[in-house]
Amino acid sequence: MRKFFDAILYLIVFIVIQFFITYAVLAVCAVTEGVGNAVRSLMSGEGLTTDQTIVVQVISGIITLVLFFSLKWCRVSRAYLRSKPYGVLFWASVAVLGTVIPSEVFVELVPLPDLTGETLGAILGSRWGYLVICIFAPLVEEVVFRGAILRVLLEGSSRHWVPIAISAVLFALVHANPAQMPHAFCIGLLLGWMYYRTGSIIPGIMLHWVNNTLSYVVYNVFPQYQDAKVVELFGGNMLKVSLAVVFSLFIFVPAVYQLHLRMRKVEED
């Protein structure tokens, strides 16, 4: 039970940092732009601008990393990198490629409210979008949800899939966007399993980075596909969509099997 409360503490601290920095940025804006403008922005529902949101994410990310590392909530060791886990990192990257189409098809078949789609799109389209979405997000979220939360949950449980599932649920909920939650939960299960098998957040950071980078590339390099549905990409032919899902599984399943063969824990320094 103590381990569970530790995990909840880590989650609360992570969320509180986000809120604190958000309101700190709003306070600075109130001073520089005038209290009236800041209040009107909040009352109208506009909230933070894209640049302000990016500032919040960067500052809160840095504070989170410093806090979690300095308090040793997430343990750091170079041992895993020294083991040269190139195969694990490669197959982790391949595995996430196999999740893209099935995830998109699921979202289209089970439409859920997209509460933060516009904000995410604005960040992806910003010049600093890659830094926030593809660098800070994978690093910070792996430190918090696998390096801290899942670590203590695993220490307090003899059935590893229970802590992995709990951490995946928390990971999905913290996104605060129903449209993202199914994919976040499934990826959270995969990330949790990888952490359990390796005892390191490095493979998870790689998978997380590739996952987010795919979104960034599609948004910026192929803007014509931003709002396109999978069925539209295949000319409205559901048979082709089904074959695409099957082909994705032919990528995902062998990649997971290769991870199963290659992943192992390494003695710490």
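Is arginine 146 buried or exposed? At 1% relative accessibility, arginine 146 counts as buried, where buried means under 20% relative accessible area, exposed over 50%, and partly exposed in between (1.4 Å probe, protein chains only). The model is predicted, so local features need pLDDT of at least 70 and side-chain atom pairs count only at pLDDT 80 or more, while totals for chains, interfaces and linings use all residues. Residues are numbered from 1 along each chain as its sequence is written, and side-chain values use heavy atoms, with hydrogens and water left out.

Arginine 146 takes part in a salt bridge with glutamate 142, at 2.7 Å from N to O. A salt bridge is defined as a side-chain nitrogen of Lys or Arg within 4 Å of a carboxyl oxygen of Asp or Glu. By this rule, the count is five salt bridges. Glutamate 142 and arginine 146 both belong to helix α8 and are four residues apart, about one turn of the helix. Helices (H or I, at least four residues) and strands (E, at least two) are DSSP runs, numbered from the N terminus. An α-helix has 3.6 residues a turn, so residues three or four places apart point the same way. Glutamate 142 is also buried, with a relative accessibility of 1%.

Glutamate 155 forms a salt bridge with lysine 3, and the closest N and O atoms are 3.1 Å apart. Because glutamate 155 lies in helix α8 (residues 129-155) and lysine 3 in helix α1 (residues 2-33), the pair ties together parts that are 152 residues apart in sequence. Both side chains are partly exposed, glutamate 155 at 37% relative accessibility and lysine 3 at 31%. A salt bridge also joins glutamate 155 to arginine 75, at 3.5 Å from N to O. Arginine 75 lies in the loop between α3 (50-70) and α4 (79-82), so its pairing with glutamate 155 in helix α8 ties together parts that are 80 residues apart in sequence. Arginine 75 is exposed, with a relative accessible area of 52%. Lys3, Arg75, Arg151 and Glu155 are linked in a network of salt bridges.

A nonpolar core is a set of buried Ala, Val, Leu, Ile, Met, Phe, Trp, Tyr and Cys residues joined through side-chain atoms within 4.5 Å. The largest such core has 56 residues, of which Phe68, Phe145, Ile149 and Leu207 touch the most other members. The most residues in this core, 14, come from α8. In soluble globular proteins, nonpolar side chains tend to be buried together. With neighbours within four places in sequence left aside, phenylalanine 145 is in contact (heavy atoms within 4.5 Å) with Leu11, Phe14, Leu150, Ser167, Leu170, Phe171 and Val174.

Leucine 154, likewise found in helix α8, is buried at 17% relative accessibility. Beyond its neighbours within four places in sequence, leucine 154 is in contact with His160, Pro163, Tyr195 and Tyr196.

Helix α13 (residues 238-262) has 25 residues and reaches 36 Å from its first C-alpha to its last. This span is close to the 36 Å expected at 1.5 Å a residue, the expected value being 1.5 Å times one less than the number of residues. Val241, Ala244, Ser248, Ala255 and Leu259 are the buried residues of α13. These buried residues pack against α5, α6, α10 (181-198) and α12 (230-233).

Phenylalanine 106 is found in helix α6 (residues 100-109) and is partly exposed, with a relative accessible area of 39%.

Two lysines have a positive phi. For lysine 72, phi is near 60 degrees; this residue lies in the loop between α3 and α4 and is exposed, with a relative accessible area of 63%. For lysine 84, in the loop between α4 and α5 (86-97), phi is near 55 degrees. Lysine 84 is exposed as well, at a relative accessible area of 57%. Most residues other than glycine have a negative phi.
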